[in-house]
Amino acid sequence: MVRNSKKLIKDLAKKGILKIIDQELDVNLEIPHLAYIEIKKKEPKVLLFTNPVDKKLGLKYEIPVLMNIFSSYELTEFYLGRPVKEIEEEIESLLKLKPPTSFGDKIDLFKKLFSLKSVFPKRENTPISKTHKKYILDLNKLPILKTWEFDGGKFITMGQVFTQSLNGNISNVGMYRLQVFDEKTLGMHWQIHKDSTVFYNEFMEAGKDMPVAIAIGGDPVNTWVATAPLPHGINEMLLYGFVKKENAKLVKTNNGLFVPADADIVIEGFVKPNSLRVEGPFGDHTGYYTLEEEYPTMEVTNIWISNLPIYYATVVGKPPLEDKYMGWATERIFLPLLKTTAPDLIDYVMPENGVFHNLIIAKMKTKYKGHALQFMHAFWGVGQMSFVKHSIFVDEDAPNLTDYENLTTYILNRLNINNILISESTKILIDEQFETEYIDDAMVKGKSIAIKVYQLLAMKTPNHEKVIEKK
Ligand SMILES: Cc1cc2nc3c(=O)[nH]c(=O)nc-3n(C[C@H](O)[C@H](O)[C@H](O)COP(=O)(O)O)c2cc1C
């Protein structure tokens, strides 16, 4: 069942976790600040701001703002429609598919394969003009937020960015922040190793305009799949169908892309070759501002809205925030996939204290001296795992991975500081404050742990010194 924004609001109200705020509140800092405070509470509410305004510009927006939709584990599973564990097990069993040997096996296999028929997105050749209506072609008419004091401007923070390869064979959706430069121009903060950048480079080389469509709202699972680090070439909308056991229904934008039919707002346009512009600063997951840097820009050609649209947004900042819960679902579901590269992996966690990609703790079956180090290198090569700064691999007898206190003792008792290597790997711009990384594969008393650490060096620019929580 597709949970569009109207159904979502109803469901959240029924659960008693929707708080409607009718007071006029500013999209600049006020609305995001309330959402930020709320999500840090023990039992946070999802907030619907019905009267967003921009006091400085004297604007009242007609579209409400919805925040904190991913504010707990329970809510995340509610959107996915089933326990994350069940999804993890289903992926695991599919990856282990063997030719059936008995009648029972055949039935089982048939059931599994049959369930996959809902995976493929349905590209209805319906033009978006049939499901949505044209809105004023002015980004300033959308209640886009400025979340932190020294941010370079307003940013769309929950945009599902749809792109495709130059030959049109591969489609992708990713969630990247998008800075509003003026009524028709957006900054595309897709990092250099992300799928959209691969496509952008193809269009650049061909000297062609790249079509882009940004969907906001609709079923929360659309937003979640946009954050999932699926390998290049695999459309995240397949994950939507797999998880929900229901094909994603897509409609066609005027620039030839396909977006979820249930989206509340769709912004379409083109990224022209060499249309770079300085983007940022932006208060980021680390609690620091990311640097200003050049990114491609998108020229908006149409803005579409559904009937009574809602604008979804999130605050990016120090965890725990919404990315904690989105990241948790991804972490769990990716365990069986990681096991295909690293079969001796037992479990792993990416604790929020490490801002996810900065710390991974994994438990493995260590079979021989140096195995952990070998294992760690395999991990670094797997897609976005390459951004991980601190990887700690422990043996199967280690305490539970979330029992941080006992685990720390376990690690410190086995760490060998004489065995450090310096290595270079991928870093993303939000990691500019990290400079060097160390690897340690320590074997003490037959127990192996491997550690990869970036050492925190100097804050490189004045922007980094602006810790966003000072706000
Ligand atoms: C709240 C939030 C904000 C994000 N912002 C960005 C961003 O600005 N740029 C970026 O490249 N990735 C960002 N990401 C991470 C991407 O969504 C993630 O890496 C995703 O897998 C990218 O999709 P792709 O691999 O299809 O390119 C963000 C993730 C979250 C949860």
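Me: How many bridges join strand S4 (residues 52-54) to S5, and what makes two strands a pair?

Reply: S4 and S5 are joined by two bridges and run antiparallel. Two strands pair when there are at least two bridges between them, so two is enough here. Val53, for example, stands opposite Lys60 in S5. Keep in mind that this is a predicted model.

Me: Which strands does the open sheet have, and in what order?

Reply: The open sheet has three strands in the order S2-S4-S5, and the pairing is mixed. S2 (25-26) and S5 (59-60) are at the edges because each has a single partner strand, which leaves one side of each without a neighbour in the sheet.

Me: What makes strand S14 (residues 210-216) and strand S17 (residues 265-279) a pair, and in which sense do they run?

Reply: Seven bridges link S14 and S17 in the antiparallel sense. The cut-off is at least two bridges, so the two strands count as paired. One of the bridges sets Ile216 against Ile265 in S17.

Me: Which residues make up strand S20, and how many bridges join S17 to it?

Reply: S20 covers residues 293-305, and eleven bridges join it to S17, with the two running antiparallel. Gly269, for instance, has Val300 in S20 as its bridge partner.

Me: Now for the helices. Why are H4 and H10 called roughly parallel?

Reply: Helix H4 (residues 84-95) and H10 pack at an angle of about 15°, with their axes 9 Å apart. Angles under 35 degrees count as roughly parallel, and therefore H4 and H10 fall in that class. Their crossing is right-handed. On the H4 side the contact includes Val84, Ile87 and Ile91, and on the H10 side it includes Ala329, Arg332 and Leu335. By class, this contact has nine nonpolar, one polar and three charged residues.

Me: And what makes H8 oblique to H9?

Reply: The axes of helix H8 (residues 220-227) and helix H9 (residues 237-244) cross at roughly 125° and come within 9 Å. Roughly perpendicular ends at 115 degrees and roughly antiparallel needs over 145, so H8 is oblique to H9. H8 passes H9 in a right-handed crossing. Val221, Asn222 and Val225 of H8 take part in the contact, together with Met237, Leu239, Tyr240, Val243 and Lys244 of H9. These residues divide into six nonpolar, one polar and one charged.

Me: How do you know that the peptide bond joining Gly280 and Pro281 is cis?

Reply: Omega tells you: for the cis bond between Gly280 and Pro281 the angle is about -10°. Pro281 lies in the loop between S17 and strand S18 (282-283). The peptide bond from Pro319 to Pro320 is cis too, with omega near 5°, and Pro320 is in the loop between strand S21 (311-313) and H10. Most peptide bonds are trans.

Me: What is the phi of Asn68, and where is Asn68 found?

Reply: Asn68 has a positive phi of about 70° although it is not a glycine. Most residues other than glycine have a negative phi. Asn68 is found in the loop between strand S6 (65-67) and helix H3 (73-80).

Me: Last one! How many residues surround the ligand, and which are the closest?

Reply: There are 19 residues around the ligand, and the closest are Gly174, Arg177, Gln191, Lys194 and Asp195. Strand S11 (171-175), helix H7 (195-206) and helix H10 (322-341) each give two or more residues to this shell. The largest share, three residues, comes from S11. By class, the shell has seven nonpolar, eight polar and four charged residues.

Conventions: Residues are numbered from 1 along each chain as its sequence is written. This is a predicted model: local features need pLDDT of at least 70, side-chain atom pairs count only at pLDDT 80 or more; totals for chains, interfaces and linings use all residues. A residue is near a molecule or strand if its C-beta atom, placed from the backbone, lies within 6 Å of it. Helices (H or I, at least four residues) and strands (E, at least two) are DSSP runs, numbered from the N terminus. Ala, Val, Leu, Ile, Met, Phe, Trp, Tyr, Cys and Pro count as nonpolar, Asp, Glu, Lys and Arg as charged, and the others, Gly among them, as polar. Axes are lines fitted to C-alpha atoms, for helices over the stretch in contact, and angles run from 0 to 180 degrees between N-to-C directions. Angles under 35 degrees count as roughly parallel, over 145 as roughly antiparallel, 65 to 115 as roughly perpendicular and the rest as oblique. A crossing is left-handed if the near helix is turned anticlockwise from the far one by less than a right angle, and right-handed if clockwise. Two residues are in contact if their C-beta atoms, placed from the backbone, lie within 7 Å.
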